[in-house]
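Opening the notebook on this one.

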Amino acid sequence: MTRLDLYVGRIAAGAFAAALAFFLFLAVLVDLLGNVGRYADRAFKAGFGGFDLALYLAGYYLKLLPVLATTVAPFAVVIAGMFAVARLQQANEIVPMLFVGRSIRRVLQPIVLLAAFAGLGMAGCWQWIVPHVGADLANSETFLRESRTVYRNLVHELRAEGRRLQIMEFDPVARTLADVRMIEEDALGADVTLTRARAADWDPARGDWRLVDGRVDRTRRSEPVEWLGRPDLTPEVLIAQSRDTIDPEMLSYGDLRALMVARPNRADVRLAFHRHLTWPLANVLLLLLVLPLAVHYERGSRLWRVLAAIGLCAAYMVFDLACQSLGKRGLVDPVFLAWAPPIVFGSLGVVLYGGTRS
């Protein structure tokens, strides 16, 4: 990277940060304005004051930012690329760069690298950040929208410790379990303990589940028990473990691979896994599409170029949404549908970018 590359890269990075912040702010503002009345009613029913509601919403939207970033990052990259080229041309800096022997593609290389780093950032966000906030977001959305999402037939296993927990019904809002059964085996598998209860309530003070009609059955005796003895199984952990009920877009790459093995007939899971690979590529592919439109040497209005760039991005998004709809219904192979947008628009982008005039 030369000093000239760093100069162009700083312009593009600054534009990307501003565009990403604008898109995130706009998404949060639209959601808040569309639901502020519902949120206020829910806060009144829960006994929240105005300050308490503001703090709760601030935490909710802070956790939502990584999810929104993985959605709008490619469009922020496009805006940043077009702004950086427009600024260089407005200052008459493109032609001197070409005069010293650089091709236009070499001049634009830092912007393309920025798009590649943005794609890697999206992949890292999907792997390490989004899955950790997914359970909290589900809890917050359930509370704010006053919906009663009930998870059924949950199974939690710790094979190394010989533990298997089965729950027929879990209510994350009331934090209650119904028909709980936990089997524990010793290292040799000779001694088996069965803990069962009609129901269980989460006690935040103790950090454990209080059993209703709980009993523990051992080899030769049975006795009542009050606590489940699993403080590690918080309501948030149970929500995260119920992968069949969580949106696959909120799962990491490893979780999706494990879920594909466990549920090979779920087309939406295979679609989500491959979109985790193709959507970060959209950062580079959309940029290759619009950069040739941003570079020009003739005088006159640039409005049609901006409109053409917006049209290409809109076409990519519509095509991608159509492929998602077909893939989730299982009408067409989800792997083909996940890779169709980058193949079609990526081929066009490579042709356009390769033909950019110097």
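**Surface patch, then cores**

I looked for nonpolar surface first: Leu303, Val306, Leu307 and Ile310 form a patch of about 370 Å². For patches, I took residues with over 30% relative accessible area and no salt bridge, joining nonpolar side chains (Val, Leu, Ile, Met, Phe, Trp, Tyr) within 5 Å and like charges within 9 Å. A salt bridge here is a Lys or Arg side-chain nitrogen within 4 Å of an Asp or Glu carboxyl oxygen. Areas are Shrake-Rupley with a 1.4 Å probe, and for residues only the protein chains shown count as cover.

This is a predicted model, so to speak plainly, local features need pLDDT of at least 70, side-chain atom pairs need 80 or more, and totals for chains, interfaces and linings use all residues. Numbering runs from 1 along each chain as its sequence is written, and side-chain values use heavy atoms, without hydrogens or water.

I placed Leu307 in helix α10, residues 303-328. Helices are DSSP runs (H or I, at least four residues), strands likewise (E, at least two), numbered from the N terminus.

Next, the inside. The largest nonpolar core holds 76 residues, and Phe16, Leu108, Ile111, Leu286, Leu287 and Val290 have the most contacts inside it. Helix α2 (residues 50-90) gives the most to this core, 19 residues. Another core of 18 residues lies apart from it, with Leu165 and Trp209 among them. A core means buried Ala, Val, Leu, Ile, Met, Phe, Trp, Tyr and Cys joined through side-chain atoms within 4.5 Å; buried is under 20% relative accessible area, exposed over 50%, partly exposed in between (1.4 Å probe, protein chains only).

Overall, I noted 11 helices and 7 strands, with 44% of the 358 residues buried.
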